[in-house]
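Subject: Structure for your files, with notes

Hello,

The structure is pasted below, with my notes after it. Please read them with the model open.

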Amino acid sequence: MNEIINYFSTIPSSHRALILAAGIAIFWLIESAVPFIKYDYKKWKHAGINIFFTITTIIVNFCLAFILLKSADWATENNFGLLNWLPEYTIWIYAFVGLLLLDLIGAYLIHLIEHKVKFLWRFHLIHHTDTWIDTTSANRHHPGESVLRFIFTTFGVLIVGCPMWMVFLYQTLSVVATQFTHANITLPKKLDKILSYFFVSPDMHKVHHHYVLPYTDSNYGNIFSVWDRLFGTFKTLDREKIVYGVDTHMKPEENNKLSNLLFIPFQKRRSPNS
């Protein structure tokens with residue numbers, strides 16, 4: 001464990017970028033070879049839109065990274081946060097509890113709020129407009145949403161009281177997990193079901209991308225599935241019945257045009273039948 005801590009305490013930005021790029025490349029190759037759905041789409045155009053949003057997410061996080069660093073350092077130096085108020089445990093339990101709590105506050109909670117608060121939903125909506133979910137969809141987030149998620153991640157760091165190495169470890173696991181759950185692949189159904197008792201599985205997250213309620217408002221988890229099961233937001237749907245997208249933006253000019261996607265948060269609110 002000490003080797004993991006030492007590595008993530010000083011992980012170079014180049015390594016983090018390599019992990020992100022390698023994840024996309026590996027899952028893209030797998031889903032190209034054995035796709036769950038054989039899409040009739042321009043794969044590179046679709047990827048270009050999603051990679052644009054991935055780059056804007058990276059830029060937002062890079063520009064604001066000093067806030068996260070200062071927050072983690074302050075919490076550690078002042079023994080602030082839940083981890084610092086708990087009895088001493090082994091480093092493995094300490095890390096596991098920290099990752100669970102970061103996942104709750106920095107991922108599950110903001111995701112839930114984005115679905116419940118109409119103004120914030122306008123930004124998160126861009127992620128759900130994708131009708132061809134694949135591994136490039138993982139970071140299809142409007143820049144405005146990237147800022148919102150960064151704010152909640154910072155709150156999570158302060159409330160949990162985790163050191164920076166844990167933040168970097170969580171972010172790395174999160175990148176790989178979201179690329180995996182969005183990839184256009186499937187696991188054997190029994191294996192997927194078993195996995196979903198502990199972690200967010202591909203089938204579990206596919207349900208979240210079904211185009212109509214109540215499925216869109218379910219399965220908010222990022223890495224761990226425990227929060228959805230604990231708070232009653234877990235739902236299942238046969239993978240064969242899932243239709244990707246969101247019912248208010250099912251036309252290609254709405255969901256597959258970058259200029260429109262950027263301005264969706266500022267457009268007049270749409271109803272499913274308009």
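In these notes a helix axis is a line fitted to C-alpha atoms over the stretch in contact, and angles run from 0 to 180 degrees between N-to-C directions. The helices themselves are DSSP runs (H or I, at least four residues; strands are E, at least two), numbered from the N terminus.

The model is predicted, so local features need pLDDT of at least 70 and side-chain atom pairs count only at pLDDT 80 or more, while totals for chains, interfaces and linings use all residues. Residues are numbered from 1 along each chain as its sequence is written, and side-chain values use heavy atoms, with hydrogens and water left out.

Helix packing around α7

Helix α5 (residues 91–116) crosses α7 (143–160) at roughly 145°, and the two axes come within 9 Å. The crossing is right-handed; the term applies if the near helix is turned clockwise from the far one by less than a right angle, and left-handed if anticlockwise. On the α5 side the contact (heavy atoms within 4.5 Å) includes Gly-98, Leu-101, Leu-102, Ile-105, Gly-106 and Glu-114. From α7 the contributors include Glu-145, Leu-148, Arg-149, Phe-152, Phe-155 and Ile-159.

Helix α6 (residues 118–128) also packs on α7, at an angle of about 115° and with the axes 8 Å apart. This crossing is left-handed. Leu-120, Phe-123 and His-124 of α6 make the contact with Gly-144, Glu-145, Leu-148 and Arg-149 of α7.

Salt bridges

A salt bridge here is a side-chain nitrogen of Lys or Arg within 4 Å of a carboxyl oxygen of Asp or Glu. The count by this rule is seven.

One of them joins the side chains of Arg-149 and Glu-114, at 3.4 Å from N to O. Arg-149 is in α7 and Glu-114 in α5, so this pair ties together parts that are 35 residues apart in sequence. Glu-114 has 0% relative accessibility and therefore counts as buried; the classes are buried under 20% relative accessible area, exposed over 50% and partly exposed in between (1.4 Å probe, protein chains only). Glu-114, Glu-145 and Arg-149 are linked in a network of salt bridges.

Another salt bridge pairs Glu-240 with Lys-189, where the closest N and O atoms are 3.3 Å apart. Glu-240 sits in the loop between α11 and α12 (252–255) and Lys-189 in helix α9 (residues 189–195), so the link spans parts 51 residues apart in sequence. Glu-240 is exposed, with a relative accessible area of 55%, and Lys-189 is partly exposed at 47% relative accessibility.

Arg-239 forms a salt bridge with Asp-203, the closest N and O atoms being 2.7 Å apart. Arg-239 lies in the loop between α11 and α12 and Asp-203 in helix α10, so this pair ties together parts that are 36 residues apart in sequence. Both Arg-239 and Asp-203 are buried.

Nonpolar surface patch

Trp-74, Phe-80, Leu-82, Trp-85, Val-147, Ile-151, Phe-155 and Ile-159 make a nonpolar surface patch of about 740 Å². Patches are made of residues with over 30% relative accessible area and no salt bridge, with nonpolar side chains (Val, Leu, Ile, Met, Phe, Trp, Tyr) joined within 5 Å and like charges within 9 Å. Areas come from the Shrake-Rupley method with a 1.4 Å probe, and for residues only the protein chains shown count as cover. α4 and α7 each supply at least two residues of the patch, and α7 gives the largest share, four residues. Ile-159 of α7 counts as partly exposed, at 41% relative accessibility.

Backbone points to check

Most residues other than glycine have a negative phi, and most peptide bonds are trans. The bond from Leu-213 to Pro-214 is cis, with omega near 5°. Pro-214 lies in the loop between α10 (202–208) and α11 (226–231). Asn-219 is in the loop between α10 and α11 and has a positive phi of about 50° although it is not a glycine. Asn-219 is buried, at 0% relative accessibility. Asn-79 also has a positive phi of about 50°, and lies in the loop between α3 (43–77) and α4 (82–85).

Asn-2 and Ile-91 are 89 residues apart in sequence and 8.8 Å apart in space, C-alpha to C-alpha.

Regards
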